[in-house]
Amino acid sequence: MRITGKTRLAGIMGWPVAHSRSPALHNFWLDEHGIDGVYLPLAVRPEDLEQALRALPTLGFRGCNLTIPHKQRALSIVDRVEPLARRIGAINTVIVMPDDSLEGRNTDVYGFRENLRECAPEWNPAAGPAVVLGAGGAARAVVMALIDAGVAEIRLVNRTQARAEQVADDLAAPACHLSVHPWARRDALLQDAGLLVNTTSLGMIGEPELEIALSGLPPGAVVADIVYVPLETPLLAAARRRGHRIVDGLGMLLHQGRPGFEAWFGSPVQVTRGLRTAVLTTLAEPR
Ligand code: ATR
């Protein structure tokens, strides 16, 4: 990498931010395309978020990504929010516009959809209900993507049922029946499902395992996990052993980065085997 007087800048704001793999992702693309640009980790305390976002145009940044804990708060700071992000209630991408105003977008919906399309091209939204475990920001993006894809029934299951009810209220859509179920019912809800998605942190290294019995899941159902450390979670391993098509969480991370990169650096980018390998290598490094 060579820094010149014209190097374009972007980065990710988080607190902490050292765990983020977004710098590895975006700097891979910058190298691959020979772009004079750099993507930096920006450790921004929650109380400094507004000041940091407002400084982006002043410092010549093209924009930034946002990670924990900034995704919701940032939505109320930026000047404009795309409608999809407003419905989800969170932004993960900020673009500095030509007039120096800040536009907030949510590219997690795009990331989930593109990853599902790539890893499970045969998945048919009409194959059966989708079961979504979890009710955080990631669950909201997944539910929006499934509604957009034309899934007619989504079953939301979360440990804290009230949170799932809030998601169902906020994302209600005429063409999709969103139902909410107690956490204890998760096994039974798989009976006629076409897709199971884990959006909880269960199964991640250092977190408890997701306890769920897949025996009732129809053989053609697709199983997706948004956890990517480890890449093959115990859920995905169990699904693979039963012959299900599995979709890991790394692809969603990689695909969600594409729209931001294209807006900041002006080049379309792809998720390639080389990119997956480069980011996977960083997952093995201590942080
Ligand atoms: P994100 O925005 O990344 O989705 P989040 O809002 O912290 O993150 O959501 C984490 C999800 O994992 C939630 O659905 C959470 O359930 P609660 O809403 O009940 O907190 C779920 N989760 C975390 N630990 C869990 C556990 N031990 N058992 C069941 N669900 C758990």
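Student: Which residue does Val131 stand opposite in strand 8?

Tutor: Val131 stands opposite Arg155 there. Keep in mind that this is a predicted model, where local features need pLDDT of at least 70, side-chain atom pairs count only at pLDDT 80 or more, and totals for chains, interfaces and linings use all residues. Residues are numbered from 1 along each chain as its sequence is written, and side-chain values use heavy atoms, with hydrogens and water left out.

Student: How many bridges join strand 7 to strand 8?

Tutor: 4 bridges, and strand 7 and strand 8 (residues 153-158) run parallel. Strands are DSSP runs of E, at least two residues, and helices are runs of H or I, at least four, numbered from the N terminus. Two strands pair if DSSP finds at least two bridges between them.

Student: What about strand 10, how does it pair with strand 7?

Tutor: In the parallel sense, over 4 bridges.

Student: Are the faces of strand 7 covered or open?

Tutor: Both are covered. Ala130 and Val132 on one side, and Val131 and Leu133 on the other, are all buried (under 20% relative accessible area with a 1.4 Å probe, protein chains only). In a regular strand the side chains alternate between the two faces of the sheet.

Student: Switching to pockets: what's the volume of the largest one?

Tutor: About 1500 Å³. A pocket is an open set of points on a 1 Å grid over the protein atoms alone, where a 1.4 Å probe fits, with protein on both sides within 12 Å along at least five of seven lines; lining residues have an atom within 4 Å of a point. Grid points are joined across faces, edges and corners, and the volume is the space filled by probe spheres set on the points.

Student: Where does the largest pocket lie?

Tutor: Domain 1 (8-106 + 256-283) and domain 2 (109-248) both give residues to its lining, so the largest pocket lies between them. Those bounds come from an automatic or database domain assignment.

Student: Which element gives the largest share of that lining?

Tutor: Helix 5, with 4 residues.

Student: And the second largest pocket, how much space is in there?

Tutor: About 150 Å³. Helix 4 gives the most to the lining of the second largest pocket, with 4 residues. Among the lining residues are Phe112, Arg113 and Trp123.

Methods
Buried < 20%, exposed > 50% of the residue type's maximum accessible area, 1.4 Å probe, protein only.
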